[in-house]
Amino acid sequence: MKNNRDLDLYSHCGFARDYQYRYSITVGEFPKPIAHPNFAEAETHNTRGIGYCEKGAYDKAIATFEKAIDLKSDYVNAHYNLGLAYVKKGEVNKAWRAYYGAIQMKRNYAEAYNNRGIAHQLKGETIYALQDYTMAIGLNQTLTEAYTNRGSLYLDRLDIQHALDDFHIAIKLDSDAGLAYGHCGVAWLHYEHWPKVKADWTVALILGVDIRPLFYSRYGSIAAFTQKTGIQLPADVSDMLCPDKPMPEFEAGARLKLALKAYKNRELSTGLSARLAGMSREAFIYAMGKHRLSPFGTVEEIRELGF
């Protein structure tokens with residue numbers, strides 16, 4: 001990310017709310033969880049801090065999370081949430097220290113590794129960011145945000161194929177991963193695969209993601225992109241990036257038309273096309289039949305194969 005405006009483009013995996021316990025062991029018995037004497041009060045401050053942060057009152061949130069940590073120094077969720085508040089406020093070094101503390105207490109904390117990777121990336125420490133994203137994925141192979149963030153970092157480094165691989169995994173894990181679609185469209189620009197660019201950006205727009213900051217934060221302008229890569233964007237692709245044009249709104253009929261076209265052009269699977277159309281996979285397959293399409297290819301293609 002290049003500026004604070006882009007912070008919201010990165011998913012942080014949400015606030016941590018789980019209870020934390022110490023354990024006591026009695027001979028002949030299983031370990032029994034017992035609450036820390038200050039835990040109830042610390043948990044109250046943690047919950048209150050989450051509320052402040054969600055309202056944008058980051059200074060109050062930070063003070064409240066720190067109070068929770070004062071009450072229970074090993075309260076890992078409060079350390080993690082403190083990092084979130086610092087990132088939102090733009091104090092990246094302090095955020096990094098908070099995530100570092102959370103990881104020291106919980107070595108398999110995938111979300112904390114992911115968020116510490118964001119802090120490294122904001123500081124320009126891309127090698128460490130890549131290590132943290134990869135560690136997060138190793139600990140939790142279903143963590144969509146880590147794949148999206150690592151893919152974005154690969155894209156910044158112009159490692160396009162690795163970026164696409166990560167974005168595709170993120171989309172497979174979560175068909176609502178709008179950021180992954182948006183970044184994926186940017187990656188396809190480098191291969192000049194215009195149908196895939198438009199398909200991915202259209203899905204991102206339907207999922208509520210403004211694709212323009214994803215492009216302009218990297219390249220500055222369309223002219224700068226062309227100068228850097230030697231790639232001339234077609235007019236219809238440039239139009240999607242035009243800052244003076246409002247983002248399009250898609251009504252149901254237009255979404256279905258786009259989905260059918262994307263499937264026919266083999267740009268999206270039936271499942272992802274159904275998401276684009278805003279309907280279940282079964283309903284989309286029924287709609288495909290009405291338009292002489294098959295989940296195995298067009299009717300004409302199947303006939304040509306002798307079926």
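Does R218 count as buried or exposed, and at what relative accessibility? In this predicted model, R218 comes out at 15% relative accessibility, so with the cut-off for buried set at under 20%, this arginine counts as buried. R218 is found in helix α11, which covers residues 212-219. Its side chain has a polar contact of 2.7 Å with the side chain of D156. Leaving aside residues up to four places away in sequence, R218 touches S152, L155, D156, H183 and V186.

Two of those names turn up again in helix α9: H183 and V186 are among its buried residues. Helix α9 runs over residues 178-189, and its 12 residues reach 17 Å from the first C-alpha to the last, close to the 16 Å expected at 1.5 Å a residue. As for burial, 12 of the 12 residues of α9 are buried, so the helix is largely enclosed by the rest of the structure. The buried set also includes Y181, C184 and W188.

Helices α15 (residues 270-277) and α16 (residues 281-290) pack with their axes 9 Å apart, at an angle of about 95 degrees. Angles of 65 to 115 degrees count as roughly perpendicular, and that is why α15 is described as roughly perpendicular to α16. On the α15 side the contact is made by T270, G271, S273, A274 and A277, and on the α16 side by R281, F284 and M288. Sorted by class, this contact has four nonpolar residues, three polar and one charged.

Notes. Residues are numbered from 1 along each chain as its sequence is written. This is a predicted model: local features need pLDDT of at least 70, side-chain atom pairs count only at pLDDT 80 or more; totals for chains, interfaces and linings use all residues. Side-chain values use heavy atoms; hydrogens and water are left out. Axes are lines fitted to C-alpha atoms, for helices over the stretch in contact, and angles run from 0 to 180 degrees between N-to-C directions. Helices (H or I, at least four residues) and strands (E, at least two) are DSSP runs, numbered from the N terminus. Angles under 35 degrees count as roughly parallel, over 145 as roughly antiparallel, 65 to 115 as roughly perpendicular and the rest as oblique. Contact means heavy atoms within 4.5 Å. Ala, Val, Leu, Ile, Met, Phe, Trp, Tyr, Cys and Pro count as nonpolar, Asp, Glu, Lys and Arg as charged, and the others, Gly among them, as polar. The expected span of a helix is 1.5 Å times one less than its number of residues. Buried means under 20% relative accessible area, exposed over 50%, partly exposed in between (1.4 Å probe, protein chains only). A polar contact is a pair of N or O atoms within 3.5 Å; within protein, one must be able to donate a hydrogen and the other to accept it, and residues adjacent in sequence count only if both atoms are side-chain atoms.
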